[in-house]
Structures are given as C-alpha cells and as structure tokens.
Amino acid sequence: MSKQFYSILGNSQKLDGGAMFGNAPKALWQRWVDVDEQNRIDLVCRALLVKDGDKNILFETGIGAFFEPKYKDRYGVQEDEHVLLQSLQEVGLSHEDIDILVLSHLHFDHAGGLLSQWQEGKEPQLLFPNAEFIIGKEAWERAKNPHPRDKASFIPGLTDLIEQTGRLHLIDGESSDLLGDDYHFFVSNGHTPGMLLTEIETEKGPVVFAADLIPGVPWVHLPITMGYDRFPENLIEEKKLLLDRLIEEEGYLYFTHDPETCLGKVTKDEKGRFTTQNNLKQIINMPM
C-alpha cells in the first residue's frame, strides 16, 4: 500500500556554524551555508509525517517552544509559538490525531516539541495524548542517565512524563509490531549512543530518517561531522555503511535540520563523493 509523506516544519534555530561543522574550517563550510554576524547558520527542526493506512505516524517533534526566554535566546530558537502544531493544522491534523510517535533520540531539538508552549509560572505539559511513543532502549537510558558532556542536551523530567503515560515502547531490535514490516530500525552511536534510525520501505525505494547522523545535505560529504557528535570517527564509518547501501538500493535520505532540503536521493558526484540529487524542499501528500 502506498504511503503519504508530509514534511512538517517545527521551530527553527540559528546555531554556531563552527559547532555545526566540527573540525571543518570556516573557509570550507561557508561555501555551503550563509552565516550571520554572530557566526550562526540557519537550521530547521523538521518532522516527517507518514499516513500509512489508518495510522498517522510522526517522526520526531523538533525543538518546540518550551524554552523560557533566556534559553530560547541561547539556543537561537526563532519563533515564540509552537510551529509544529501549526504545521500539523495545515495538513488537517492536531497533535491529538497522531497515533505513533517515533523519536530517534531525546535531545531537546528533536523531542522538545512533545511539550506545550512556554508560559510564565506554568510547567510545560506533555502533548500527543493518543500517541504510542517508540524510542530506542539505549537512547532512553542515555536520556535518563546522561554523560556530563551532553547532559544539557536533555530536558529534565521529560522521560518521567513519557513513562507515566503507559504508552512507551522501547526498541531493542530491528522492528516494531506497532509499525509493521515496512519499517526497520538500526542504531547509530556516533552522534549519541543508541540513536535509533528508521528506514521506511516505499514503492520508490527505502527512505531513511537520517536524524543527526546526517542532519542536512552538507553533512552527506563523508568527512563532515558536527562538534556535537560524541564519536566522530565512528559516525563517519556508520555514515559510509549507510550511504553505500542506499546507493545500491536507490534509496533516499530525509533531513531534519536542512532549511533547503527535506528529501534527496543518495548518489555520488563526478569526484566520487557522496551527495544527493532530485532534492525537495517540501513534500505534501506525496505518495511513496
């Protein structure tokens, strides 16, 4: 059965370009992106909505609008309102209509959209009251017991809110009965231990929700990693294995942070470097 794909924008960010491109020099990466006076580049937090039969499946929720103002400014969040909720409304849905929510990991720029918009004097509430939450077991444990290096990347109390719903499904394998045979998982450890990547089988070929293994088109280039990555050399090896296979299978990458591209077919350029082609900025009700 054909699935319907929608790119769903959440809140956008501006982050330091040097942090986003790791040890790559600015003379290189500034050819690929625009940079502002604070050395920041534009990023989006893009979710993927898949309508599969009678199920609405949402991959990630972006950064959301839960931050109080001082942290909103620190992390370059651009909008005050909860953009993801507005984007869902534009395709005729609310957060209450999501049946399954798949989270690659629980860093705040991927899971913050689970929470309601910040209001002074009020604690954010967990949204998506009817969704089953799918999270990798190792990523879950990382969020509950973070390393000091990335402790600030997790939202205090979020794991408790999710656990209290009774709708948490921890993945310790390659599939989930909730999603069915067209969805396969594999774990990437280079960015953060236990990051769960989902590969979706479609009529046009496999689509991998790339999460922070490959946050956008510039990071498809094999040596490019982020300063936020815990184990960059491991990440490069994971990336090569995935890209080689997607070329062989004529597959696609779905990008969560690239402001210009949400979906691209993996290929190589004339110099033999990995890249993408047939890039799309937005997809609405796209049969796959």
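I looked for disulfides, taken as pairs of cysteine sulfur atoms within 2.5 Å, and the count came to 0. Before going on, I note that this is a predicted model, where local features need pLDDT of at least 70, side-chain atom pairs count only at pLDDT 80 or more, and totals for chains, interfaces and linings use all residues. Residues are numbered from 1 along each chain as its sequence is written, and side-chain values use heavy atoms, with hydrogens and water left out.

**Cysteines.** I checked Cys45: the closest cysteine sulfur is in Cys262, 15 Å away, so that is too far for a bond. For burial I use under 20% relative accessible area as buried, over 50% as exposed and partly exposed in between (1.4 Å probe, protein chains only). Cys45 is buried at 1%, and Cys262 is buried at 0%.

**Cores.** A nonpolar core here is a set of buried Ala, Val, Leu, Ile, Met, Phe, Trp, Tyr and Cys residues joined through side-chain atoms within 4.5 Å. The largest one has 50 residues, and Phe5, Phe21, Phe59, Ile214 and Leu253 have the most contacts inside it. Apart from it I found another core of 34 residues, with Ile8, Val91, Leu114 and Ile162 among them. I then listed contacts (heavy atoms within 4.5 Å) for Leu253. Leaving aside neighbours within four places in sequence, Leu253 touches residues including Val208, Ile214, Leu242, Leu246 and Cys262.

**Lys72.** Where does Lys72 sit? I place Lys72 in helix H3, residues 69–74; helices (H or I, at least four residues) and strands (E, at least two) are DSSP runs, numbered from the N terminus. Buried or exposed? Lys72 is buried, at 16% relative accessible area. Beyond its neighbours within four places in sequence, Lys72 is in contact with Phe67, Val77, Gln78, Glu79 and Asp80.

**Helix H6.** In H6 (residues 137–144) I marked Ala139, Trp140, Arg142 and Ala143 as buried. They cover an arc of only 160° around the axis, so they lie on the same side of H6; the arc is that of the directions from the helix axis to the C-beta atoms. Their cover includes strand E7 (132–136), helix H7 (158–164) and strand E8 (168–171).
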